[in-house]
Amino acid sequence: MATPARYRQTASSRPSQPSPTEKQQHATDKPKPAPSPSTGFSLFEILRILCALLLISCGMSRLCTSGESMTWGFNPWWTRAREWKALWNGHIRLTDADLAHHDGTDPSKPIYLALNGTIYDVSANPKTYGPGGSYHFFAGRDAARAFLTGCFQEDRTPDLRGVEEMYIPVDPPMPTEDPGAGKMWRKKEMSRAEMKMRHARELREARKRVREGLEHWHVLFRGEKGKPYFKVGEVEREEGWLEKLPRRELCEEARKGRPVRKVEEVWEVVGKE
Ligand code: HEM
């Protein structure tokens, strides 16, 4: 069968005869190796995989932490815009009256609370410190005393005078129930010097507990327990502010919670009834 005209090579479509110079060039050309199929990843593919892994990790973390963290709880300060802003603004000094404007009722202002003169930003937790929050009463003020006594109504004040009393033990009542029943008791006698020494020891211990109690909260608000809180400045108060406040009694709750000395330290048996 004759080849159809469209398949027949014309003079123009036929490869032309190589020229002598082309022939020379072909002679020196080495056969190129066939490109092997690529087994490595390109930089773009690696980046794509890393981004996908990051996204999966963020999603999983959000699910596992009930929507609280996308970084598995890793929350260093430099990842928080608010802290950079505070760093930029520098340390602030607010009066107690200024501080009151930062109780979370104005959403355009950060939520602050103060502890013994140090102001912390707790805006990261509006559920607790904002309006309607369980600890909203701590926001916009320095209620250091209440942090120790737990008297959230009466002790919203920075006045810590006499608060150490809550850690000074009281005498136990005379034992009247078993194994004390049926015995006659009397208080052990102590010399004035012994009493003075005991009081000094107990006072020292109580003051230490006040410092530790406050430090426990400072640590939390400095963000050292993983909460995204941080220090922003200090409360500015006029000289002698503390003396101007009336001295206060230890609140009932704290009085009731005072430690009790051991029976044998205070009472001794002198006979049977
Ligand atoms: C001196 C006594 C107390 C003080 C000063 C105090 C203070 C606080 C503060 C400041 C927070 C928020 C912590 C944060 O920002 O992460 C908190 C949380 C919490 N407190 Fe207290 N607390 C006291 C006693 C109690 C008691 C006796 C209970 C339980 C009967 C309790 C239950 C809770 C609970 C459940 C939370 C976490 C939930 C939330 O933030 O609302 N607290 N406490």
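Colleague: How do the residues of the shell around the ligand divide into nonpolar, polar and charged?

Modeller: There are three nonpolar, four polar and one charged. Bear in mind that this is a predicted model.

Colleague: Which residues surround the ligand?

Modeller: The ones around the ligand are Asn125, Thr128, Ser134, Tyr135, Phe138, Phe147, Gly150 and Lys227.

Colleague: OK, zooming out. How many helices and strands are there?

Modeller: The protein has ten helices and six strands.

Colleague: And what share of the residues is buried?

Modeller: Buried residues make up 16% of the 273 in the protein. As for contacts between residues at least 6 apart in sequence, 68% of them join residues at least 24 apart.

Colleague: Let's do helices. How far does H2 reach from its first C-alpha to its last?

Modeller: H2 covers residues 43–64, which is 22 residues, and it reaches 31 Å. That's close to the 32 Å expected at 1.5 Å a residue.

Colleague: Is H2 in the open or buried?

Modeller: Largely in the open, because the number of buried residues among its 22 is zero. Just after H2 comes Ser66, with a positive phi of about 55°.

Colleague: What about H7, how many residues does that helix have?

Modeller: H7 has 30 residues, 192–221. From first C-alpha to last it reaches 43 Å, close to the expected 44 Å. One of its 30 residues is buried, so H7 also lies largely in the open. Just after H7, Gly223 takes a positive phi of about 85°.

Colleague: Switching to strands. How do E2 and E3 run?

Modeller: They run antiparallel, joined by four bridges. Ala114 stands opposite Ile119 in E3. The two strands form a hairpin with two residues between them.

Colleague: Which residue in that turn has a positive phi?

Modeller: That's Asn116, at about 50°. Asn116 isn't a glycine, and most residues other than glycine have a negative phi.

Colleague: Which other strand does E3 pair with?

Modeller: E3 pairs with E5, residues 230–235, in the antiparallel sense over four bridges. Asp121 stands opposite Phe230 in E5.

Colleague: Why does Phe230 count as buried?

Modeller: Phe230 has 20 C-beta neighbours inside 10 Å, and buried means 20 or more, so Phe230 counts as buried. Leaving aside neighbours within four places in sequence, Phe230 is in contact with Trp77, Glu83, Ala86, Tyr120, Asp121, Arg222 and Gly223.

Colleague: How many residues apart along the chain are Phe230 and Trp77?

Modeller: They're 153 residues apart along the chain, yet their C-alpha atoms are separated by 8.5 Å.

Colleague: Last topic, E4. How many of its five residues are buried?

Modeller: Zero, so to speak: strand E4, residues 183–187, is hardly covered.

Colleague: Which strand is E4 joined to?

Modeller: E4 is joined to E6, residues 267–272, by five bridges, and the two run antiparallel. The bridge partner of Trp185 in E6 is Val269.

Colleague: And Ala181, is that buried or exposed?

Modeller: Exposed, because Ala181 has 9 C-beta neighbours inside 10 Å. Ala181 is found in the loop between helix H6 and E4. The C-alpha atoms of Ala181 and Lys272 are separated by 9.1 Å, though the two are 91 residues apart along the chain.

Methods
Residues numbered from 1 in each chain as written. Predicted model: local features only at pLDDT ≥ 70, side-chain atom pairs only at ≥ 80, totals over all residues. Buried ≥ 20, exposed ≤ 12 C-beta atoms within 10 Å, placed from the backbone. Pairing = 2+ DSSP bridges. Near = placed C-beta within 6 Å. Nonpolar A, V, L, I, M, F, W, Y, C, P; charged D, E, K, R; others polar. Expected span 1.5 Å × (residues − 1). Contact = placed C-beta atoms within 7 Å.
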